[in-house]
Amino acid sequence: MLLNAKKYFYLLLILCIVLLSLSQYLRFRNNDGFFYGEESYYNLKIAEFIKENKAFPAEDSMSYGGRPYVGEYGYPLLLSLNIKIIPRILPILLGVFSFILFYFIITKIKFEIRGLASLILIISPTFIYLFSTLTKYSVVVFLSLFAILLHLNKKHKIALFLFIITGFFSFISSTLILIIYSIYGIFKKGKKFNLLIFFLSWIIIFFVQFFKVFKIGVPETIFGIIQFNINNIINIIFSDFGSIFGFSLFLFLMAIIGIYYINDNLLKTFIYYSVLIIFTVLTIYFNALIFLLVFLLAFFASYGIYSLFFVDWKSEIFKHLTIVILCCGLLFSIVAYMDGISKFTPTKDFADGLKFLKGQKINTVVFSDYSRGIYLNYADKKNFMDSNFLYAPGVSSRALDAERLFRTNNLNVALAIINKYNIEYIWIDKEILNKFWANEDRELLFLLRYSPQNFNKVFSNGDVEIYQYIPLNRR
Amino acid sequence: MKLQIKSWHLLLLIFFITFAFRLYFTFGTEHFSSGEAYFNLRYVNHLLENKSLMFYDDLSYGGRLLIYPPLFYVFMSLFSLGSVVMLKILPELFLSSIVFIIYFMAKDVNGNEYASLFAALLSGFIPIFLKDTLNVISPYSLALPILLLMLYSSLRLENKFYMWAFILSSFLLPLVHPIAIVFVITILVYFLLLSGGALVPTKLKKEAFLFSILAILLISFIIYKKAFFEYGINIIGQNIPLNVLADQYQPLSVSGLLIGVGILPLVLGCVGIYLGIINQKKKPVYFYSAFTLGVLILLSLRMITISVGMMILGIALCIFSALTMGSLIEYIKKTRFANLNYFIAFLLLVSFVAFSFIPSYTFLSNFTSINEEKINDIKKMAAFVDNNEVILGNLEEGHLISAIANRKNFIDTNFLLAPNPVKRLKDVEVFYTTFSEAKILELLKKYNIKVIYFSEDTKQFYFVRHLKYTKDNKCFRQEGNFYVVEC
């Protein structure tokens with residue numbers, strides 16, 4: 001029933017490989033093979049450093065004009081083993097294995113929905129993103145799924161080991177796993193020792209990777225400068241609203257239905273909904289939660305469809321129509337997402353802009369919105385700000401100066417900020433034009449376009465404009 | 001639903017009065033009443049000529065992508081075959097048919113036939129409804145009857161006919177107009193009202209509502225996919241420039257309601273809602289109250305324009321006015337004035353004539369369509385511009401330029417996915433108000449503008465009498481109300 005026969009497993013496996021390969025193929029065909037999403041470029045940059053220097057970076061001189069490197073070593077290290085081949089193969093491999101692991105986990109938990117849940121998972125935009133780009137969370141997800149499966153098969157020690165090593169890939173995810181493991185350990189007898197080992201290992205991993213935070217002290221900000229509002233949450237969590245790693249709105253709705261049916265106890269349902277809402281809201285600060293959430297949502301959503309299928313309906317017509325619409329909704333999301341893959345940043349024109357920058361003098365400072373910072377680093381340029389806010393030096397004052405520079409109509413103010421940070425290039429692209437000036441010639445854009453004695457447009461194509469600042473002594 | 005012959009006659013009479021009233025004003029002028037009508041006319045003609053929908057408009061904003069729900073245009077093409085007379089009659093026919101649905105809805109909340117007939121009569125003469133829907137080709141003409149039919153069917157799902165009507169409407173409504181969101185909000189508010197425990201929705205209703213919400217969401221996502229990707233949840237703002245947005249999405253005011261909805265529907269409707277919620281624990285009362293509240297919520301969240309909101313609010317209040325009337329009739333029956341039935345009916349008719357019919361008539365008598373001079377100007381302009389050049393007009397004239405002159409416009413009111421509407425709107429202001437020739441020449445070149453249309457409306461809107469930079473300037477040759485660019 002509902003894709004549970006063994007032959008469907010192979011069909012789903014083929015579908016999984018096809019979808020993951022297709023996303024890479026689309027980027028190759030339309031974007032010269034540039035990965036989408038900034039995290040890939042961050043990891044590639046660190047991996048390149050490790051490969052060249054045979055050591056982990058102590059500081060990141062390109063970010064915020066120089067800052068201590070505070071991050072996990074696992075994923076960049078993995079990529080650095082072969083910087084050309086591994087980034088192309090590893091995500092697909094991890095995706096396929098994660099799918100297989102998920103399939104077997106669901107087989108153990110709820111046999112009836114294993115096929116359906118796996119199908120819903122692999123046609124989710126979040127799954128495609130997770131295993132088409134270079135994100136450390138792909139390894140975390142794979143290790144966690146493997147550990148859960150081992151745990152279900154009573155192989156607790158190996159499971160614990162896998163849980164522990166997730167800390168080398170994403171410490172926040174590892175912390176979340178530790179919390180869940182602790183809650184589980186409190187309710188299950190005989191797990192206290194494992195919990196203690198997990199906790200001690202967690203501390204050791206923290207010290208190994210982040211010992212320098214004791215020298216640096218408390219970070220200026222944890223959540224950065226992201227604004228908390230409903231619009232932002234919706235735009236981040238739902239792929240249908242343009243998020244590159246969000247899940248389908250229909251997946252979310254189906255999961256809500258699934259949770260409703262999975263519990264007869266009102267209190268439990270309420271708790272499930274509350275947890276879902278809290279996790280969803282928190283994704284605005286911890287985007288990675290989406291990658292863990294999608295597996296849960298796939299499970300609940302498939303249970304939702306399964307229940308809708310087998311529960312007594314007053315009208316068979318409404319039953320069939322509702323199920324068909326839900327399935328069409330899921331299909332629509334993945335088709336729309338695949339269609340949009342080649343339009344995600346960096347596009348071909350965007351990549352050309354980066355290539356141009358890469359050809360310019362190394363280590364010069366490029367000013368742009370923080371969302372462009374990591375890409376600019378990838379072009380061997382120092383960024384003014386990037387989206388890695390943790391332990392960034394002077395993040396608040398830089399954010400303030402960035403806002404002043406973007407919004408100023410006064411050339412003297414603009415030049416003062418530019419000189420203060422030794423900015424040499426200013427990067428503007430379509431998204432920035434829209435975000436700050438609604439495509440109007442005003443504020444900084446006006447100054448850039450109509451002050452040729454101060455700014456020289458050195459690059460321009462359909463998407464990107466790059467201006468070079470001409471200092472007083474070179475005019 | 002069996003009606004007494006007498007009621008049928010009266011209902012038909014109300015329909016014919018409404019229809020005739022609308023046709024009288026519609027055919028009182030040769031042209032349509034708004035630029036929007038011409039914009040829709042172009043889509044219908046394109047569909048008839050090319051046998052395909054228009055997804056790229058060469059003429060709007062000098063060329064841009066389009067997204068819109070296509071069903072209305074398909075429907076109008078099929079039933080009008082491009083005849084302007086039919087394109088004038090069909091929307092009026094659909095909008096007049098609303099009186100039937102309002103009658104049945106009013107009967108749902110009240111049961112009294114005469115009160116329901118009165119509600120139907122009121123609904124045909126809501127001032128803002130007449131103003132915004134008369135003599136225009138507008139998707140609202142099809143969307144509003146479908147929305148009301150869907151609401152009415154929602155309460156009769158046990159009947160196969162209404163169930164299929166509901167299913168069909170759930171698919172059709174989002175394909176006609178995004179106003180389908182009103183139904184989704186109505187359902188959510190309805191369940192919120194019922195959560196008090198006064199009434200329990202049937203299982204069938206829950207199933208039907210789940211289905212319709214999902215169907216509306218899916219179809220809307222499919223239609224507006226590009227816009228959702230482009231704007232995210234900010235699609236609600238429809239890419240409308242802020243000053244236009246502030247104009248279209250004004251806050252609701254009592255005076256605005258009195259003028260737009262009319263005194264009778266407003267007073268009787270509000271009292272009806274109060275009586276319904278307090279005295280009558282009936283599902284139709286709760287459901288139509290949810291409809292009214294839903295519209296108010298959408299208005300307060302600025303998700304629908306003030307004119308559309310008031311239009312729907314007016315219709316919703318008409319339904320409840322039947323409840324007030326019914327209660328009044330019941331009350332009088334219990335008093336010693338019970339034998340004054342005919343006098344009361346006469347009084348009601350007089351009040352209808354005084355507070356609804358005459359204001360609507362007076363309002364529409366002063367209501368003008370696009371004037372002949374403007375149409376002639378636009379036709380004349382076409383001769384000076386080739387297919388790749390642009391005619392500059394004010395925001396409201398954009399659709400007219402495209403439809404009548406068949407030339408590229410600089411800006412029009414279809415903002416969704418339009419290229420740089422905010423900037424263009426500001427540039428229009430620059431064109432009409434600046435004195436800097438250099439700036440104008442730069443903009444003319446940038447946008448490839450060949451003709452600047454300087455209509456009376458533009459003069460009034462921007463408070464200008466002359467285009468300063470054209471004075472003694474060989475680059476501009478005046479031809480009546482427009483200037484041809486010659487350098």
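Predicted model: local features only at pLDDT ≥ 70, side-chain atom pairs only at ≥ 80, totals over all residues.
**The interface of chains A and B**

The contact between the two chains draws on 35 residues of chain A and 31 residues of chain B. About 2900 Å² is buried between chain A and chain B, and carbon and sulfur atoms give 75% of this area. Of the area that chain A buries against chain B, 22% is supplied by A:F318, A:I325 and A:F332, which is more than any other three residues give.

Polar and charged pairs also occur across this interface: the count between chain A and chain B is 1 salt bridge, and 4 residue pairs are in polar contact, with both residues at pLDDT 80 or more. The salt bridge joins the side chains of A:D339 and B:K225, with a distance of 2.8 Å from N to O. On the side of chain A that touches chain B, at least two residues each come from α12 (230–237), α13 (249–262) and α16 (316–340) of chain A, and among the contributors to this side α16(A) gives the most, with 13 residues. Sorted by class, this side of chain A has 19 nonpolar, 10 polar and 6 charged residues.

**Salt bridges**

Over all chains, the count comes to 33 salt bridges. One within chain A pairs A:K136 with A:E72, whose closest N and O atoms are 3.0 Å apart. This pair links distant parts of the chain, 64 residues apart, with A:K136 in helix α7 (residues 136–152) and A:E72 in the loop between β2 (67–68) and α3 (74–80) of chain A. The table sets out this pair and the one that crosses the interface.

| Salt bridge | N to O distance |
|---|---|
| A:D339 and B:K225 | 2.8 Å |
| A:K136 and A:E72 | 3.0 Å |

**Cavities**

The structure holds 4 cavities of 30 Å³ or more, and the largest cavity has a volume of about 50 Å³. The lining of the largest cavity is formed by A:Y42, A:D60, A:R67, A:P68, A:Y69, A:V70, A:N388 and A:L390, which by class amounts to 5 nonpolar, 1 polar and 2 charged residues.

Notes: Residues numbered from 1 in each chain as written. Chains lettered and ligands numbered in written order. Heavy atoms only, no water. 1 Å grid on protein atoms, 1.4 Å probe; cavity = no way out; pocket = protein on both sides within 12 Å on 5 of 7 lines; lining within 4 Å. Points joined across faces, edges and corners; volume = space filled by probe spheres on them. Nonpolar A, V, L, I, M, F, W, Y, C, P; charged D, E, K, R; others polar. Contact = heavy atoms within 4.5 Å. Buried area = accessible area lost by both parts, 1.4 Å probe. Salt bridge = Lys/Arg side-chain N within 4 Å of Asp/Glu carboxyl O. Polar contact = N/O pair within 3.5 Å; in protein donor to acceptor, adjacent residues only side chain to side chain. Helix = DSSP H or I, 4+ residues; strand = E, 2+ residues; numbered from the N terminus.
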